[in-house]
Amino acid sequence: MRFLITGGTGTTGRRVATALADQGMSVRTGSRTPAPGAHQVRFDWADPTTHAPALTDTDGVYLVPPIGDAEPARLMVPFLERALGAGVRRFVLLSSSAIAEGGPGAGEVHRALRQLAPEWAVLRPSWFMQNFVTPGHLHVESIRAAQEIVTATGQGRVAFVDADDIAAVAVRALTDERPHNAAHLITGPEALSYADVAESVSKVTGREIRHRPVPVADFRERLIATGMPEAFARVLAAMDDGIAHGSEDRVDPAVERITGRAARGFADFATEHAAEWAPAR
Ligand SMILES: NC(=O)c1ccc[n+]([C@@H]2O[C@H](COP(=O)([O-])OP(=O)(O)OC[C@H]3O[C@@H](n4cnc5c(N)ncnc54)[C@H](OP(=O)(O)O)[C@@H]3O)[C@@H](O)[C@H]2O)c1
């Protein structure tokens with residue numbers, strides 16, 4: 001099968017592309033700045049002239065919404081229609097555990113997929129463990145510089161999930177002979193508070209890292225100060241508030257059910273990444 005992986009340079013897209021290629025599939029990854037000779041094509045959600053060339057001879061598409069766009073359906077639904085017209089049958093959308101079908105952001109794309117696509121799956125992962133190690137991410141910088149993790153989640157808990165597990169589910173959704181035609185809630189094996197995460201990081205680094213809960217408005221301002229568009233910062237801050245009220249305090253066995261292997265826990269992840277939390281020099 002031949003696949004287009006949008007967000008192909010990102011956290012999950014990169015992993016999905018590698019796993020498909022390892023299985024001998026034909027893979028083209030989309031990027032706004034494609035690397036020459038790396039099976040990459042120029043693809044920009046905001047530039048429709050890049051869409052048709054990226055869709056040439058494609059059976060399935062992995063859809064990562066444009067980052068920072070609070071209303072991705074405006075760009076993504078016309079793309080879906082064009083892809084269907086070009087003969088693409090299967091679509092796998094990366095959404096979020098916080099977004100239900102028809103909800104804001106990717107929720108509208110989720111609804112459009114179910115209505116329009118012959119074969120589809122929607123991935124609804126919980127928060128990524130990689131948020132704690134991706135360079136430039138708020139948590140990485142604050143752990144390194146100030147030995148703290150700042151959120152508006154209070155004592156709320158989240159079943160953090162490893163991006164490798166999300167990608168493994170995506171690969172099954174793209175390649176299983178029988179289309180899933182379903183949304184998958186994807187979580188890690190246990191729900192943890194950010195204080196629990198801080199404790200895990202403290203244990204593997206030997207430094208005392210703490211969680212500092214702040215009010216939602218303060219957290220929103222912190223996000224805006226990083227350069228995030230205000231509308232998107234509002235959405236993310238509201239999600240933290242949801243976590244504080246228990247919205248993400250749940251575990252789902254989808255990773256093991258779909259891939260046959262258990263989801264990775266945070267303690268194991270922290271042990272592998274301990275060196276990445278060394279203090280900033
Ligand atoms: N982080 C979490 O905890 C979490 C939890 C649940 C769901 N999610 C969802 O996961 C998604 C990915 O988040 P992430 O932070 O891990 O990002 P990411 O996938 O690491 O990076 C963004 C990717 O999107 C591409 N991209 C950005 N703007 C684009 C545009 N206008 N046109 C085409 N491609 C574009 C980038 O490609 P180029 O720069 O190469 O063009 C890059 O490959 C988001 O939709 C988020 O809602 C995240």
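Helices here are DSSP runs of H or I with at least four residues, numbered from the N terminus. The model is predicted, so local features need pLDDT of at least 70 and side-chain atom pairs count only at pLDDT 80 or more, while totals for chains, interfaces and linings use all residues. Residues are numbered from 1 along each chain as its sequence is written, and side-chain values use heavy atoms, with hydrogens and water left out.

Helix 7 gives the most to the lining of the second largest pocket, with 5 residues, and helix 11 (266-273), like helix 7 (194-205), supplies at least two. A pocket is an open set of points on a 1 Å grid over the protein atoms alone, where a 1.4 Å probe fits, with protein on both sides within 12 Å along at least five of seven lines, and its lining residues have an atom within 4 Å of a point. Among the lining residues are Glu190, Asp196, Lys203 and Phe266.

The ligand has 20 residues around it, of which Thr9, Thr11, Ser31, Arg32 and Asn131 come nearest; a residue counts as near if one of its heavy atoms lies within 4 Å. Because domain 1 (2-125) and domain 2 (127-159 + 188-248 + 264-281) both give residues to this shell, the ligand lies between them, with domain bounds taken from an automatic or database domain assignment.

The table gives polar contacts, which are pairs of N or O atoms within 3.5 Å.

| Residue (backbone atom) | Ligand atom | Distance |
|---|---|---|
| Gly7 | oxygen | 3.3 Å |
| Trp45 | nitrogen | 2.9 Å |
| Phe128 | oxygen | 2.8 Å |

The protein covers 78% of the 890 Å² of accessible area that the ligand has on its own, by the Shrake-Rupley method with a 1.4 Å probe.

Definitions and conventions
Polar contact = N/O pair within 3.5 Å; in protein donor to acceptor, adjacent residues only side chain to side chain.
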